[in-house]
Amino acid sequence: MSRLALALGALVAALFLASLVVGPAEAGAGQSLRALVLGDGTPLTLVMREIRLPRALLAVTVGVALGVSGAAMQGYLRNPLAEPGLLGVSGSAALGAVVAIHTGLAAAQPLGLPLAALLGAGIGVGLLAALAGTRGGSLTLILAGIALSALAGALTSLALNLSPNPFAANEIVFWMMGSLADRSMTHVWLAAPLVAVGGAVLVTLGRGLDALTLGEDAAAAMGYGMGRLQVALVVGTALAVGAATAVAGAIGFVGLVVPHLLRRLVGAQPSRLLWASALGGAAMVLAADIAVRVVLPERDLKLGVLTAIVGAPLFLHLVYRTRRDLG
Amino acid sequence: MTALALRNLSVTLRGRDVLRDVSLSVAQGEVVGLIGPNGAGKTTLMRAALGLIPFAGESDLAACPPSERARRAAWLPQAREIAWPMTVERLVTLGRLPHLGPGQSVGPEDRAAVDRALDRLGLDPFRDRAATRLSGGEQARALIARALAQETPLLLADEPIAGLDPAHQIGAMQTFAALAGEGRAVVVSLHDLGLAVRHCTRLVLLGGGRVVADGPPGEVLTPARLAEVFRIRAFHADSEYGPVWQALDVLEEA
């Protein structure tokens with residue numbers, strides 16, 4: 001258990017350092033890190049502190065949010081195909097951001113976009129709670145989430161449809177692909193506390209999710225009622241994923257693939273999968289964000305596009321392996 | 001000492017009376033067999049006693065706060081769910097969850113309880129196997145072991161021996177009897193009346209949502225009640241091997 005934690009922690013630390021030293025500014029690794037820590041007033045310090053550090057911190061923040069909420073969703077629904085996007089929170093956060101771009105709020109206010117996205121996520125969760133109630137019932141929750149996602153998707157399409165000019169449409173489409181480029185420390189301060197609180201709420205689910213392995217009735221008899229688990233799941237996921245989407249856009253497949261990859265290594269125990277997926281998610285987003293800078297440095301490859309391109313075949317492989325195991 | 005006390009318990013599900021005015025008291029040292037035809041309300045009675053469904057009347061167990069209740073009674077539902085491919089040992093260890101304080105991890109005491117439970121069900125050779133890959137009967141035994149590992153004064157088990165081979169059916173019933181011998185109490189619903197007669201200290205016969213009879217097996221399973229509630233005729237005798245009960249044939253509708 002602790003060995004896996006150490007290995008994942010070391011992986012995250014290594015990728016974090018790599019993320020700090022990879023970029024278009026020509027500078028050695030040692031020189032870059034020295035500039036970051038000592039702050040010698042050179043342009044390199046500025047690059048490190050204002051561009052690369054927030055980018056790496058956001059990668060960790062977003063990865064933790066997606067990883068832990070993916071593991072929580074799968075544990076709660078007892079389904080390895082569940083992912084945080086099922087609740088419709090990321091869809092409604094994206095809708096908020098799109099409305100901000102559409103109305104020009106995003107251009108007028110530096111924090112207009114993420115704040116509008118957070119507002120969208122908040123409204124989405126409100127609707128979800130009103131639709132699914134808090135009395136438990138995972139089927140109602142999924143159906144409400146799917147309805148919410150569909151509504152948010154339709155309204156996003158409407159915004160695109162009615163976009164005032166091609167540039168706005170362009171901006172909307174590119175934002176929705178998800179990226180960590182050109183973010184500032186303000187974005188970190190906005191997202192990190194919300195992800196921390198959301199992640200903490202989700203981690204408290206651990207034992208309840210373990211008990212849920214035995215079914216809803218057995219879990220309830222052990223003192224873990226579905227109602228309370230569902231409230232914690234929805235609140236935690238909304239905070240973490242809402243905040244992550246608000247600063248980074250929609251980044252798919254991380255919440256789906258990471259818990260799937262790590263399940264074996266934690267002995268399939270949902271509580272241990274939570275923190276393992278938090279670290280694994282951070283590692284995956286850091287790695288993907290390094291890759292977008294290395295693979296096509298000139299073309300601004302979007303992070304969400306890369307995670308989907310890498311994640312989907314990986315997921316197909318996992319499905320294949322699962323099928324073979326079952327057969 | 002009583003392990004469970006129910007007074008005038010009634011359950012209405014979707015406007016239908018499933019249970020009406022059931023009063024039942026289970027003492028330590030008893031193995032109570034809950035019998036009755038399909039739909040008699042056996043599962044509903046146990047779930048209501050635990051407070052898992054709304055009911056009218058009194059249940060001392062449902063009145064407890066959930067965390068305390070989980071240390072007083074273990075519940076083994078009929079549906080055998082094992083959602084993730086964890087090892088049998090890990091699965092059985094889930095039974096220790098109610099005993100762990102916040103942030104406390106599994107200690108030597110918990111491991112000893114898990115070992116005892118695995119041992120009782122003969123699951124030691126399966127300890128490191130993925131529970132989801134076991135056969136249906138083996139999974140059922142692993143889930144019984146999980147409930148035993150909870151080491152509660154009361155065990156409520158819903159058809160725990162359905163689908164087990166004869167040796168393990170008898171073994172499970174003997175385990176319940178052994179728990180009772182240690183001063184605990186077991187309420188077990190089952191359809192195999194032959195095993196119920198041999199291994200339960202007391203039978204509670206449910207029919208139409210009411211307690212039709214409650215007492216020692218020989219007194220509960222009279223020909224008249226078998227005809228009325230189960231619509232069967234049976235052979236019942238005390239032999240040198242203990243009580244023998246065998247269903248014979250279905251009675252025609254009167």
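**Helix packing and chain contacts in the predicted model**

In this predicted model, helix 4 (residues 89–103) of chain A and helix 8 (residues 166–176) of chain A have axes that come within 10 Å and cross at roughly 155°. Because angles over 145 degrees count as roughly antiparallel, helix 4 of chain A and helix 8 of chain A are roughly antiparallel to each other. Their crossing is right-handed. On the side of helix 4 of chain A, the contact is made by Ala94(A), Ala97(A), Val98(A), Ile101(A) and His102(A); helix 8 of chain A contributes Ala168(A), Glu171(A), Ile172(A), Trp175(A) and Met176(A). Classified by residue type, this contact comprises eight nonpolar residues, one polar residue and one charged residue.

Pro114(A) lies in helix 6 (residues 112–132) of chain A. This residue counts as buried, because 25 C-beta neighbours lie inside 10 Å. Apart from neighbours within four places in sequence, Pro114(A) is in contact with His187(A), Leu190(A), Ala246(A) and Val247(A). A separation of 8.7 Å is found between the C-alpha atoms of Pro114(A) and Ala100(A), which are 14 residues apart along the chain.

Between the two chains, 18 residues of chain A are in contact with 21 residues of chain B. On the side of chain A that touches chain B, at least two residues each are supplied by helix 10 (206–212) and helix 11 (216–221) of chain A. Helix 11 of chain A gives the most to this side, with four residues. By class, the side of chain A that touches chain B has eight nonpolar, six polar and four charged residues.

Technical notes. Residues are numbered from 1 along each chain as its sequence is written. Chains are lettered from A and ligands numbered from 1 in the order in which they are written. This is a predicted model: local features need pLDDT of at least 70, side-chain atom pairs count only at pLDDT 80 or more; totals for chains, interfaces and linings use all residues. Axes are lines fitted to C-alpha atoms, for helices over the stretch in contact, and angles run from 0 to 180 degrees between N-to-C directions. Angles under 35 degrees count as roughly parallel, over 145 as roughly antiparallel, 65 to 115 as roughly perpendicular and the rest as oblique. A crossing is left-handed if the near helix is turned anticlockwise from the far one by less than a right angle, and right-handed if clockwise. Two residues are in contact if their C-beta atoms, placed from the backbone, lie within 7 Å. Ala, Val, Leu, Ile, Met, Phe, Trp, Tyr, Cys and Pro count as nonpolar, Asp, Glu, Lys and Arg as charged, and the others, Gly among them, as polar. A residue is buried if 20 or more other C-beta atoms lie within 10 Å of its own, exposed if 12 or fewer, and partly exposed in between; C-beta atoms are placed from the backbone.
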